[in-house]
Amino acid sequence: MLGSPPSAASTSTHGMTSNVDATKAVAAPPIISSKLTCNFSNHQSNTCSMEGDLRIHSKSATVYVVSASTYRPENATIKLRPYARKWEDQVMMLVREVTMRSSPPGGADDPPPPQCSVRHDVPAVVFSTGGYNRNFFHVMTDVIIPLYLTAREYNGHVQLLATDYEPKWIAKYKAILAALSSYPVIDLDSESQDTVRCFPSAHVGLESHKELGIVPGLSHKGYTMVSFRDFIRSAYSLQRPRVTPVSRSAGRKPRLVMILRRNSRQLKNEADAIAAAADVGFEVVAAGPDDVSDLKRFPGVVNSCDVLMGVHGAGLANMLFLPHNATVVQIIPWGEIKWACRHSYGDPVPDMGLRYLEYEATAEETSLKDSYPRDHAVFTDPLSIHRQGFDKMWNIFINGQHVIVDIDRFRGFMKQLYQSITTE
């Protein structure tokens with residue numbers, strides 16, 4: 001937390017170390033023309049880009065776009081919440097609003113914009129660490145991939161500024177943040193009333209295309225999910241770039257990491273499932289929540305594996321750490337939810353240079369059979385449950401069941417998987 005205005009030669013580190021200084025001595029800037037351009041048409045996120053004389057007053061989360069002209073445009077004030085999930089009103093209300101104000105240099109009828117206390121010579125990117133910040137899928141979809149799309153082109157010469165700043169979040173993802181920016185992330189929320197940071201250009205909000213993905217045609221730098229995964233592999237110093245077929249006669253077993261959930265959608269007979277996978281020839285790495293949340297160790301574990309498997313859930317987003325040509329297996333719970341499961345964790349896979357398979361649970365492989373009679377619509381017409389609304393579907397089929405795989409059926413599936421990734 002910042003207790004006083006930072007000096008012109010320092011920035012807050014918030015637990016991250018850096019020998020690079022993003023600031024220069026404060027000097028009165030010349031009055032120059034400035035430009036502000038916003039895009040509110042994207043489904044995922046609202047964004048504004050600006051250049052010229054830009055002054056960010058941290059305490060009020062206001063960006064003053066100072067123009068040489070004394071003319072004040074009609075839409076002088078624009079507000080947005082810098083989080084890439086704008087269609088979900090409930091979560092967006094948890095994100096701090098940032099104001100952009102087109103401002104003349106000041107005159108008889110206009111108060112002057114605040115003067116710079118810290119001057120930066122690199123662009124700024126303003127984003128939020130709020131929202132669904134404890135869910136790995138959402139962190140990647142709503143923050144990290146959009147940050148890559150927005151900030152990567154500057155090759156580290158960019159200053160990140162975070163609203164809704166959470167130190168634990170910054171510490172957890174510090175390897176990625178350090179790969180994007182040479183400077184510590186600035187906590188906009190805790191700076192003093194007098195702090196005004198000035199930049200030559202800035203982005204408020206993050207470019208975003210789709211769930212866990214990138215549309216290359218929409219990226220002005222042509223970024224792809226393959227290039228993003230290469231970036232992630234570099235950020236975490238992952239050594240294995242690609243999977244090659246395992247020879248059955250060579251003695252090495254293909255490695256499979258199984259993501260194990262502990263709340264909804266548990267694999268209730270996980271020990272039997274792991275044993276079945278081992279029986280057909282896999283070396284199985286069991287990964288519980290504590291393992292998955294350890295981003296110092298777990299990316300390397302995933303990168304060492306040929307297959308990542310788990311019941312539908314955020315842990316499957318760890319596919320980002322797999323080597324190219326590895327396989328993702330999603331276990332889909334009962335309830336005609338294949339479309340939703342594929343949307344989140346199936347459709348993104350090919351663009352990452354990975355393979356995708358799925359194991360869809362039958363009515364005999366769900367814990368719902370212990371809660372509902374077999375003639376209930378949960379079994380006879382699951383889509384009728386969907387038609388009762390998202391909350392009803394979610395509470396029953398997503399948060400309301402566990403999976404108990406039929407071991408014989410599961411073993412047969414695992415044999416086919418084994419055959420597909422090995423050679424004689």
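Predicted model: local features only at pLDDT ≥ 70, side-chain atom pairs only at ≥ 80, totals over all residues.
User: Why is Thr150 called buried?

Analyst: Buried means under 20% relative accessible area, exposed over 50%, and partly exposed in between, with a 1.4 Å probe and protein chains only. Thr150 has 5% relative accessibility, so Thr150 counts as buried. In the protein chain, 54% of the 424 residues are buried.

User: In which helix is Thr150 found, and what does its side chain reach?

Analyst: Thr150 belongs to helix α2 (residues 136-151); helices (H or I, at least four residues) and strands (E, at least two) are DSSP runs, numbered from the N terminus. Its side chain reaches the backbone nitrogen of Glu207 at 2.9 Å. Beyond its neighbours within four places in sequence, Thr150 is in contact (heavy atoms within 4.5 Å) with Val125, His203, Gly205, Leu206 and Glu207.

User: What makes the pair Arg255 and Ser304 a polar contact?

Analyst: A polar contact is a pair of N or O atoms within 3.5 Å; within protein, one must be able to donate a hydrogen and the other to accept it, and residues adjacent in sequence count only if both atoms are side-chain atoms. The side chains of Arg255 and Ser304 are joined at 3.0 Å, so the distance falls within 3.5 Å. Arg255 lies in strand β13 and also touches, among others, Glu283, Val285 and Asp306. The C-alpha atoms of Arg255 and Val285 are 7.2 Å apart, although 30 residues separate the two in sequence.

User: How do you know that the buried residues of α6 line one face of the helix?

Analyst: In α6 (residues 270-279), the buried residues are Glu270, Ala273, Ala276 and Ala277. Seen down the axis of α6, they fall within an arc of 120°, so they line one face; the arc is that of the directions from the helix axis to the C-beta atoms. The face turned away from the buried side carries the exposed residues Ala271 and Asp279. The cover over the buried residues includes β14 (283-287) and α13 (407-421).

User: What makes one space a cavity and another a pocket?

Analyst: On a 1 Å grid over the protein atoms alone, a cavity is a set of points where a 1.4 Å probe fits but cannot get out, whereas a pocket is an open set with protein on both sides within 12 Å along at least five of seven lines; lining residues have an atom within 4 Å of a point. The structure holds one cavity of 30 Å³ or more. The largest cavity contains about 40 Å³ of space, and the largest pocket about 1400 Å³. A volume is the space filled by probe spheres set on the points, which are joined across faces, edges and corners.

User: Which residues lie nearest the centre of the largest pocket, and which element supplies the largest share of its lining?

Analyst: Of its 45 lining residues, Asn135, His138, Arg265, Ala314 and Trp394 lie nearest the centre. The largest share, five residues, comes from α9.

Technical notes. Residues numbered from 1 in each chain as written. Heavy atoms only, no water.
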